[in-house]
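Hi everyone, thanks for coming.

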2 protein chains.
Amino acid sequence: MGIKQRREREKQEVRQGILTAAREIARQEGWQSVTIRKVAERIEYSPPTIYEYFESKEDILVELLREGFRQMAAALKAVWKVTEDPEQRLLNMAEAYWNFAMSNPELYQVMNGLGGVSFDCLEKPPAARESFVTTQEALVGWAQARGVDIPDIEGAVEIIRSLVHGLISLSMVDRIHGGEPRAKELIHRAMCDMFAAWSTRQEE
Amino acid sequence: MGIKQRREREKQEVRQGILTAAREIARQEGWQSVTIRKVAERIEYSPPTIYEYFESKEDILVELLREGFRQMAAALKAVWKVTEDPEQRLLNMAEAYWNFAMSNPELYQVMNGLGGVSFDCLEKPPAARESFVTTQEALVGWAQARGVDIPDIEGAVEIIRSLVHGLISLSMVDRIHGGEPRAKELIHRAMCDMFAAWSTRQEE
DNA sequence: TTCTATTTTCTAACACTGTTCGACAAAATC
DNA sequence: GATTTTGTCGAACAGTGTTAGAAAATAGAA
């Protein structure tokens with residue numbers, strides 16, 4: 001009776017193959033040239049077969065979006081235990097965010113509607129909220145260690161995220177003078193600036 | 001001999017009509033559904049006629065990109081004279097940047113590769129550099145008035161720009177908790193945080 | 001094994017996209 | 001009025017996402 005399970009396993013493999021193929025093409029040639037027919041050719045099936053595994057092309061992108069947010073959340077959690085210093089931890093998280101985007105640009109693009117990708121309905125997967133919460137916890141830890149009070153912590157997290165995302169997305173369209181090494185340096189500097197600002201808050 | 005000039009004027013009007021039509025469709029239905037045939041129908045010409053005025057569809061987008069950067073640069077310069085206070089001036093510029101993006105989302109998208117737009121070659125028009133320089137001059141003025149030294153001013157400008165752009169682009173895909181009013185508020189707060197950080201630089 | 005029944009896969013097509021070619025008409029020049 | 005230049009369009013090409021129905025492969029029962 002294990003024949004049914006084998007079949008199920010094979011189906012999952014084909015499904016994963018579609019996702020992988022789409023990612024590879026996007027990475028090599030950009031999302032613009034990710035085509036159902038090209039994906040089909042790469043997995044050695046005919047185009048209609050893809051619709052047995054995904055409702056539409058957009059469905060493939062949505063699945064990769066979820067995958068991206070899962071990996072991102074995992075990457076942020078992974079650097080948590082690297083250090084005990086709350087400030088260094090936040091710096092590491094910003095760097096991890098950057099590293100993820102630069103190592104998986106095709107995922108980052110599909111996650112944030114960059115690189116010619118666009119959804120009718122940009123959904124926010126649970127993992128996205130996870131990343132946010134992880135960052136927030138790190139920031140709370142920092143504030144406690146520093147003995148400062150950050151009113152509206154959620155806002156502070158959004159500011160950090162916007163800053164890093166802004167540098168990444170501008171870097172991706174080559175709009176940062178000095179290229180990627182410079183952008184990475186600027187993230188570090190901006191984070192330190194924010195630390196400085198929030199440390200002196202009680203004096204305002 | 002004014003007949004040739006009239007003809008030239010009419011051609012410019014048709015050309016402008018194409019640009020306007022593309023913009024309007026993008027604003028109403030998104031760049032995804034901007035189609036040569038739809039643009040043609042709106043200006044009451046046949047599709048091939050468009051190619052008498054633009055080499056390709058991408059050429060239309062590039063022209064709108066340039067137009068966008070020109071308007072942006074003008075908007076930044078326009079708020080320069082609103083106040084003499086250097087800090088308020090920078091706040092006004094950040095708000096003007098935000099206002100421009102929210103008033104002309106279709107232009108902002110085409111300027112930064114958002115909303116499903118993507119170019120083979122993202123060019124940086126002269127007006128883009130202009131905006132950068134204007135912001136830089138405002139920041140230099142602020143530093144002088146405050147009596148602080150900002151090493152690597154260009155980097156500081158890129159940080160400001162990334163922050164504002166990050167908030168805008170996340171806001172456009174509805175990823176800022178609290179929506180647009182909240183995002184606008186966060187820009188103001190982040191700017192003030194940056195002022196605080198750079199004011200206390202000499203103490204580090 | 002052989003014969004249904006079911007599931008999986010593909011061929012062919014549809015409506016749409018950006019773009020081009022060659023014919024046609026209008027206008028300008030002589 | 002005849003001719004050349006200019007402007008415009010119908011039809012078509014190759015490519016896109018997607019679907020319907022036929023063909024093939026596999027499953028279970030005789």
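Okay, let's start with one contact: a polar atom in the side chain of A:Tyr51 sits 2.6 Å from a phosphate oxygen of DNA strand D. Keep in mind that this is a predicted model.

The side chain of B:Arg7 has an N or O atom 3.5 Å from a sugar or linking oxygen of DNA strand D. With B:Arg37, a side-chain N or O atom is 3.5 Å from a base nitrogen of DNA strand D. Which elements give two or more residues to the surface near DNA strand D? From chain A we have helix 1 (3–29) and helix 2 (36–42), and from chain B helix 1 (3–29) and helix 3 (47–50).

Now zoom out a bit. There are 19 residues around DNA strand D, and the ones that come nearest are A:Arg37, A:Tyr51, A:Lys57, B:Pro48 and B:Thr49.

Last topic: rings. Over all chains, the count is 4 aromatic pairs. One of them is A:Tyr97 with A:Tyr108, an edge-to-face pair with 5.9 Å from centre to centre and 85° between the planes. A:Tyr97 is in helix 5 (residues 86–103) of chain A and A:Tyr108 is in helix 6 (residues 105–112) of chain A, so this pair ties together parts that are 11 residues apart in sequence. Are these two tyrosines, A:Tyr97 and A:Tyr108, buried or exposed? Both are buried.

Definitions and conventions
Residues numbered from 1 in each chain as written. Chains lettered and ligands numbered in written order. Predicted model: local features only at pLDDT ≥ 70, side-chain atom pairs only at ≥ 80, totals over all residues. Heavy atoms only, no water. Near = heavy atom within 4 Å. Polar contact = N/O pair within 3.5 Å; in protein donor to acceptor, adjacent residues only side chain to side chain. Helix = DSSP H or I, 4+ residues; strand = E, 2+ residues; numbered from the N terminus. Phe/Tyr/Trp six-rings, centres within 6.5 Å; stacked < 30°, edge-to-face > 60°. Buried < 20%, exposed > 50% of the residue type's maximum accessible area, 1.4 Å probe, protein only.
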